[in-house]
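Please keep the sequence and the model in view while reading.

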Amino acid sequence: MTNATISIDGKAGEYPVQSGSAGPDVVDIRKLYANTGHFTFDPGFTSTASCESKITYIDGDQGILLHRGYPIEQLAEQSSFLEVAYLLLNGELPSKTEHDEFKYLITRHTMVHEQLATFYRGFRRDAHPMAVMCGVVGALSAFYHDSTDIHDPQQRVIACHRLIAKMPTIAAMAYKYSVGQPFLYPDNSLSYTGNFLRMTFGVPAEPYIINPVVEDALDKIFILHADHEQNASTSTVRLAGSSGANPFACIAAGIACLWGPAHGGANEAALNMLREIGRPERIPEFIARAKNKDDPFRLMGFGHRVYKNYDPRAKVLGAAATKVLDTLGISDPVLDTARELERIALSDDYFIEKKLYPNVDFYSGIILSAIGFPTSMFTALFALARTTGWIAQWTEMMEDNDQRIGRPRQLYTGYPRRDYVPIDQRS
Ligand code: SDX
C-alpha cells in the first residue's frame, strides 16, 4: 500500500492509495478534513470515486464497458436482457436452472396493483411519459409495503424483482394512456421484451404478432442501457438510498435525474435534432453552432464525461440500426443524416481535440422510431432498462456495511455573518 502526501501550510499528511482490480487508483481522503480542516473541491465529480463497486467497469480512453467482467459487445450479441439483469444483480451468469427460476420469478411479478391503473387517470393524456413514470414509480411504495423494509434482505430481493418486472408494464401503460388505448395485462407466456412489445402495441381487439427481429433489437437495446457505473442517475439512486429511503422512492429519483437532456433525455433530443437537420446539406450549419461558444446548442448524442473514445454501445447500436431498418424495409433519411453527421464530426478538429464521439443516445432513437415508439417514450425505455442497473447498484450499497448517508460539503462564497435589519430601516 502506497501513500499520497498532501501538504498544506507546511503541514504534510499521508493518505493511503488504494488499487482496484482495474482502472485508476484512488487516494483515500476520508481523514483529510479532520486532519487539515480542508475539503476537496470537485464540482461534477470529474476526479471523485463516490464508492467501491464490482458491477460495471468503464475505460473511457479505450472505449471499454464490462458488466461483472463480461464485455458489453459479447453480452449484446450472445445474452438476453433478463440474463444480464441476473448477472448485474448476482455477479455471475446464471446456470440454466437459475435462469429459469429467475425468469419464473420476474414473470410472476409483471402485473401491477389494479388500483395503480386509476392513478394514470389523474394525468393529462398529453403528459410526458417520464412525468408519469416519476409519479407512478414513486407511488409503488404505497402499494407494496411488504417490500419496503430495507434492512430485511428478503424484502430487498422482492423489491428488486418487483421493480424489474413491473417497469415494462408501467412504461407500456404510460404509452397506452397517452394514445387513449386500453391497458393490456401482461402475458406470462411471452419473453420479457416480447411481453413489453405486446402491452405497448397490442390491442384487445386482435392477437398481437411479435416480430422476432424487433424483439431481438429491443432486447439488445435494453442490454446496452442496463447499467453504466456511477453516472448521474445511478449516483442519484445511491444518494437517495443512503438516507434509508425505500427502493421504489430511490428508483423514482433515478428516473427524475435520467430525464435531463444531458443524460438519458439525450436520446429523444438526438432524434429531434437529426430530424431538425433534415438533410445532409444542413449538417455544416449545425456543426458550426455546436462549435460556437456563444451558442448553447450541442450535438445531442455526442460527447461523454467518461468516454473519450467511441462509446462501445454506440458501435453496437449503429450496426443494429442498419440491420433493423433493412429487415423492416424502412428507409429513414434520418439514418443517412446521422451517418453523415458522424463522418463529418469525427473528421473535424474541434471534435477530435475535445474527443467527442457518438454516445449511446446517438443511434438508439433511430431504431426505437423504426420499431414504432414516439420520441416521448425513448427516455422511458432507457429508464425501463436502467432500472436493473440502478437496483443492482442500490443492492450493492445496501449490502455494504460501511455505507453511510451521503452528505457532501461546499465551498461557501456567500455573505459572512451579518445582523437582521428591520424593514423600516432598510434603504
Ligand atoms: C448519457 O455518465 C454516463 O455514463 C451517462 C450515460 C449512461 O449510460 O448513464 O452514458 C448516458 O447520459 C450519455 C450522454 C448523453 N448526453 C448527450 O448526448 C448530450 C450532449 N453531450 C453533452 O452535453 C456532454 O458531452 C455531456 C454532458 C455528455 C458530457 O459533458 P462533460 O463531461 O461535462 O463535458 P463538458 O460539458 O465539460 O464538455 C467538454 C467540452 C466543452 O467545451 P469547452 O468548454 O471545453 O470549450 O466539449 C464540449 C463542451 O462545450 N462539448 C460539446 C459536446 N459535448 C461536450 N460540444 C458540442 N457538442 C457536444 N455534444
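## Residues, helices and ligand shell

Pro16 is part of strand S2 (residues 11-18); helices (H or I, at least four residues) and strands (E, at least two) are DSSP runs, numbered from the N terminus. The model is predicted, so local features need pLDDT of at least 70 and side-chain atom pairs count only at pLDDT 80 or more, while totals for chains, interfaces and linings use all residues. Residues are numbered from 1 along each chain as its sequence is written, and side-chain values use heavy atoms, with hydrogens and water left out.

Pro16 has a relative accessible area of 30% and is therefore partly exposed; buried means under 20% relative accessible area, exposed over 50%, and partly exposed in between (1.4 Å probe, protein chains only). Leaving aside residues up to four places away in sequence, Pro16 touches Met1, Thr2, Asn3, Val26, Val27 and Asp28, where contact means heavy atoms within 4.5 Å. From Pro16 to Ser233 there are 217 residues in sequence and 29 Å in space, C-alpha to C-alpha.

### Thr56

Strand S4 (residues 56-59) contains Thr56. Is this residue, Thr56, buried or exposed? Thr56 is buried, because its relative accessible area is 10%. The side chain of Thr56 makes a polar contact of 2.8 Å with that of His67 and another, of 2.5 Å, with that of Asp227. A polar contact is a pair of N or O atoms within 3.5 Å; within protein, one must be able to donate a hydrogen and the other to accept it, and residues adjacent in sequence count only if both atoms are side-chain atoms. Not counting residues up to four places away in sequence, the residues that Thr56 touches are Leu65, Leu66, His67, Leu88, Asp227, His228 and Glu229.

Helix H9 (residues 212-224) has 13 residues, and at 1.5 Å a residue they should span 18 Å; the end C-alpha atoms are 18 Å apart, so the two values agree. The expected span is 1.5 Å times one less than the number of residues in the helix.

Val214, Ala217, Leu218, Asp219, Lys220, Ile221, Phe222, Ile223 and Leu224 are the buried residues of H9. They pack against helix H2 (72-78), helix H3 (81-90), helix H8 (192-201), helix H14 (312-328), helix H17 (360-371) and helix H18 (378-398).

Between H9 and H10 runs a loop that holds Glu229. Glu229 is not a glycine, yet has a positive phi of about 60°.

In helix H10 (residues 232-242), the buried residues are Ser233, Thr234, Val237, Arg238, Ala240, Gly241 and Ser242. The buried residues of H10 pack against helix H11 (247-258) and H18. Ala245 lies in the loop between H10 and H11. Its contacts, not counting residues up to four places away in sequence, are Ile150, Ala240, Cys250 and Trp394.

### The ligand

Which residues come nearest to the ligand? Of the 24 residues around the ligand, these are His228, Lys293, His304, Arg305 and Arg313; a residue is near a molecule if one of its heavy atoms lies within 4 Å of it. The shell divides into 10 nonpolar, seven polar and seven charged residues. Here Ala, Val, Leu, Ile, Met, Phe, Trp, Tyr, Cys and Pro count as nonpolar, Asp, Glu, Lys and Arg as charged, and the others, Gly among them, as polar.

| Residue | Ligand atom | Distance |
|---|---|---|
| Arg313 | oxygen | 2.6 Å |
| Tyr350 | nitrogen | 3.1 Å |
| Lys354 | oxygen | 3.0 Å |

Taken alone, the ligand exposes 1000 Å², of which the protein buries 78%; accessible areas come from the Shrake-Rupley method with a 1.4 Å probe, and for residues only the protein chains shown count as cover.

Lys355 is in the loop between helix H16 (349-353) and H17. Lys355 has a positive phi of about 55° although it is not a glycine, and with a relative accessible area of 40% Lys355 is partly exposed.
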